[in-house]
Structures are given as C-alpha cells and as structure tokens.
Amino acid sequence: MLAVLPALLLLLLLSSRSACGVFQKLYCSFSDSCDCDFKPNIRDLEWDLYKNVFGQHLAQDLVAEEVSRFLLNKSPDRPLVLSFHGSSGTGKTLVSTMLGNHLYGSAMSSPFVHQFVPALHFPSAERVAQYQNLLVLKLCCSGWQAELKNWVKGNLTACSRSVFIFDEMEKMPVGLIDVLEPFLGPSHVVFRTNYRKAIYVFISTAGQEAIHQLVLENRRAGRDRDEIKPSDLQEVVQQSVYSNKTSGLYLSSIVQQNLITRFVPFLPLTRTHVERCVRAQLCQRGSCNRDDVVEAVGGDMTYDPAEGHYFSTTGCKAVAAKISFFL
C-alpha cells in the first residue's frame with residue numbers, strides 16, 4: 001500500500017487544481033523525485049548573465065559555474081550557498097532575480113522562491129542597537145531565531161528545491177542567521193525532505209570597501225579589471241565580512257564552518273558600465289538610439305575617488321530615474 005501511495009497522491013494532485021497545494025506538499029513529503037515545478041534552464045541563465053549584467057565578470061562566471069555544478073549533481077551532499085557582496089547598484093539583486101527566473105520561470109512570484117528582508121520581516125530589528133539590556137536583546141533575538149527557523153523549515157518541507165534570498169544582510173541582527181547552520185550542513189534530511197537540494201543567496205553591501213580597494217589598486221597599477229581572479233577576492237571578502245559587526249555574518253558559525261559555497265564579489269562600476277545600463281534600459285523603452293540621454297545620464301552620476309572619479313557611487317541604481325528626467 002505504501003508503495004503506491006506516492007502515485008495515488010500524484011493522481012490526486014493532477015486531478016484537482018483546488019487541492020493542488022495540499023496534495024503537492026503531501027507528495028513531496030513521500031517522494032524524492034518531486035521538484036515543485038522546478039524548471040532550470042542553465043543556458044538561458046548564462047545568456048542572461050552575460051548579456052544583461054555589466055562589469056561583473058567574476059559574478060557572471062562564479063554564479064554560472066556554481067549553479068550549473070550544483071544542478072548537475074543529482075544527489076548533492078549539501079545545499080548551494082552563495083553570498084553576494086558589493087556596493088549598491090552593482091547587480092546583486094538583479095542576479096538573484098535572474099536565478100529565480102531561470103530556475104522557476106517566475107522569480108519572486110513563484111511560491112518556491114522566498115525572499116527575507118530583515119526590516120520587513122522583523123521591523124523592530126532596526127532598533128537592536130538601541131537596546132541597553134542584554135537580557136532583553138537575547139530574548140528578542142531568540143524569538144526571531146525561532147521564527148526564522150520555522151519559516152525556513154516549513155518552506156523546505158513544502159518543497160526541497162526551495163530558493164531562499166536573504167536581502168540586506170547588513171541589517172540582520174548579529175547571530176540571527178546562525179539559526180540556518182543545521183540546514184546548510186551535509187546530509188541534513190528532516191521529515192523525509194531532502195534539504196540538501198535547496199539554494200540560499202545572501203545579499204549584502206558588507207565587504208564593499210575591500211572589493212573597492214582591490215579594484216582601485218588594480219586600476220592604478222595599469223591592469224585590466226578582467227584580470228582580477230576569484231582567488232584575489234575570496235579570502236579578502238570572507239575575512240572582511242566575518243570581522244564586520246554590521247555584515248549579518250559577524251563571527252558567524254556559518255562562516256566558521258565553511259558552509260558558504262562561494263563569496264561572490266560585485267565590482268564597482270565605471271562610467272562605461274553605467275552607460276551600458278542606460279542603453280539597455282533605453283532599449284527596453286524603445287529608444288535605443290538616444291545617445292544624448294546615454295551621455296547625459298552618464299555625466300550626471302557621481303563618481304569616486306576624488307582623484308580619478310573612476311567608480312559610480314550608486315552603480316546603476318539611479319539610472320531609471322535619471323533616464324525619465326532626461327528623456
């Protein structure tokens with residue numbers, strides 16, 4: 001009887017739209033083959049990365065390689081954990097959205113792609129620094145940890161192929177993210193759900209100073225930015241994030257236990273990259289040939305450092321608003 005139960009549940013799943021969610025959860029709990037509408041298209045992901053993400057050869061290569069390697073492994077021994085680091089407007093959120101799009105076809109509208117934003121999910125977390133009573137802080141964080149753990153566990157039980165995107169990690173209360181440690185280690189299977197097939201993405205501006213400094217030194221030495229290798233920044237970013245009290249991963253056991261598959265650095269963008277962003281968005285509006293707008297927006301951005309003005313201080317983040325102004 002137990003041998004035919006998954007098949008019966010699948011038939012029920014297909015025959016009743018209204019009961020789809022309930023029966024899908026039941027079927028997933030019994031069957032290792034349930035991928036919850038998982039429809040990965042790695043070739044399209046790679047194309048999207050290389051066509052629409054500008055100035056980020058490291059992120060393009062690392063994300064494409066790690067996602068491809070992970071999905072080709074039918075029985076991974078641990079989840080894929082990517083940690084995106086870099087300044088605002090460099091493409092971190094864009095790449096995470098692409099990941100959702102090419103794994104489920106609908107990014108954030110998919111019930112299996114989950115986004116966690118500290119300020120949204122735990123509004124009072126913004127006041128952690130104001131707490132003077134350590135006991136109150138400890139009790140507060142303990143409650144948040146329980147909520148976060150139950151949220152992740154519930155979503156993984158519903159779908160082992162869940163994608164979790166943790167945005168604004170720099171606003172995460174210290175120690176809170178460590179509640180994920182049991183889910184990120186090898187061979188973690190709970191309630192017959194294979195937690196090792198999940199994907200986690202951490203997004204943070206922490207580490208941007210270290211990335212910025214290395215890219216600046218590389219430029220001043222006359223080297224092309226494309227010569228920067230992942231190995232040049234992996235340890236630098238890891239140490240910077242681990243020792244940064246506002247990184248969300250400060251002294252984190254997740255970092256200590258080497259549970260992050262890759263630290264993915266996003267490099268600061270030059271005016272050339274910004275203008276490519278402008279051109280791409282103009283084309284989306286049907287105005288590809290507006291060279292005047294490309295020049296105007298590129299010239300209106302703020303660049304640093306003071307000596308050289310090499311890198312946009314906001315990346316491509318303000319591009320859309322400036323295009324509307326100059327059109």
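This is a predicted model: local features need pLDDT of at least 70, side-chain atom pairs count only at pLDDT 80 or more; totals for chains, interfaces and linings use all residues.
Let's start with the empty space. Rolling a probe the size of a water molecule over the atoms shows where such space is left. Here the largest pocket holds about 620 Å³. It is lined by 24 residues, and those closest to its centre are Gly89, Thr90, Gly91, Lys92 and Leu94.

Which elements each supply at least two residues of that lining? They are helix H5 (92-104), strand E6 (199-204) and helix H12 (271-284). H12 gives the largest share, with 4 residues. Sorted by class, the lining of the largest pocket comes out as 10 polar, 8 nonpolar and 6 charged residues.

**How the helices pack**

Two packed helices are described by the angle between their axes and the distance between the axes.

| Helix pair | Angle between axes | Distance between axes |
|---|---|---|
| H13 (residues 291-300) and H14 (residues 319-326) | roughly 125° | within 10 Å |
| H12 and H14 | roughly 65° | within 10 Å |
| H9 (residues 208-220) and H10 (residues 230-242) | about 150° | 9 Å |

H12, the helix that gives the pocket lining its largest share, also crosses H14, at roughly 65°. The crossing of H12 and H14 is right-handed. On the H12 side the contact uses Val274, Cys277, Val278, Gln281 and Leu282, while H14 brings Val319, Ala320 and Ile323. That contact counts 7 nonpolar residues and 1 polar one, with no charged residues.

Val293, Ala296, Val297 and Asp300 are the H13 residues in the contact, and they meet Lys322, Ile323 and Phe326 of H14. In this contact 5 residues are nonpolar and 2 are charged, with no polar ones. If you're looking at Ile323, note that this residue turns up in the contact with H12 and in the one with H13.

The last pair is H9 and H10, packed at about 150° with their axes 9 Å apart. How does H9 run relative to H10, given that angle? H9 is roughly antiparallel to H10, because angles over 145 degrees fall in that class. The H9 and H10 crossing is right-handed. H9 puts in Ala210, Ile211 and Leu214, which meet Asp232, Leu233, Val236, Val237 and Ser240 from H10. The class count for H9 with H10 is 6 nonpolar, 1 polar and 1 charged.

Most residues other than glycine have a negative phi, and most peptide bonds are trans. Two spots in this model go the other way.

The peptide bond between Asp304 and Pro305 is cis, with omega at about 0°. Where does Pro305 sit? Look in the loop between strand E8 (303-304) and strand E9 (311-312).

The other spot is Asp37, which isn't a glycine but still has a positive phi of about 65°. You'll find Asp37 in the loop that links helix H2 (20-30) with helix H3 (42-52).

Methods. Residues are numbered from 1 along each chain as its sequence is written. Side-chain values use heavy atoms; hydrogens and water are left out. Axes are lines fitted to C-alpha atoms, for helices over the stretch in contact, and angles run from 0 to 180 degrees between N-to-C directions. Contact means heavy atoms within 4.5 Å. Ala, Val, Leu, Ile, Met, Phe, Trp, Tyr, Cys and Pro count as nonpolar, Asp, Glu, Lys and Arg as charged, and the others, Gly among them, as polar. On a 1 Å grid over the protein atoms alone, a cavity is a set of points where a 1.4 Å probe fits but cannot get out, and a pocket is an open set with protein on both sides within 12 Å along at least five of seven lines; lining residues have an atom within 4 Å of a point. Grid points are joined across faces, edges and corners, and a volume is the space filled by probe spheres set on the points. A crossing is left-handed if the near helix is turned anticlockwise from the far one by less than a right angle, and right-handed if clockwise. Angles under 35 degrees count as roughly parallel, over 145 as roughly antiparallel, 65 to 115 as roughly perpendicular and the rest as oblique.
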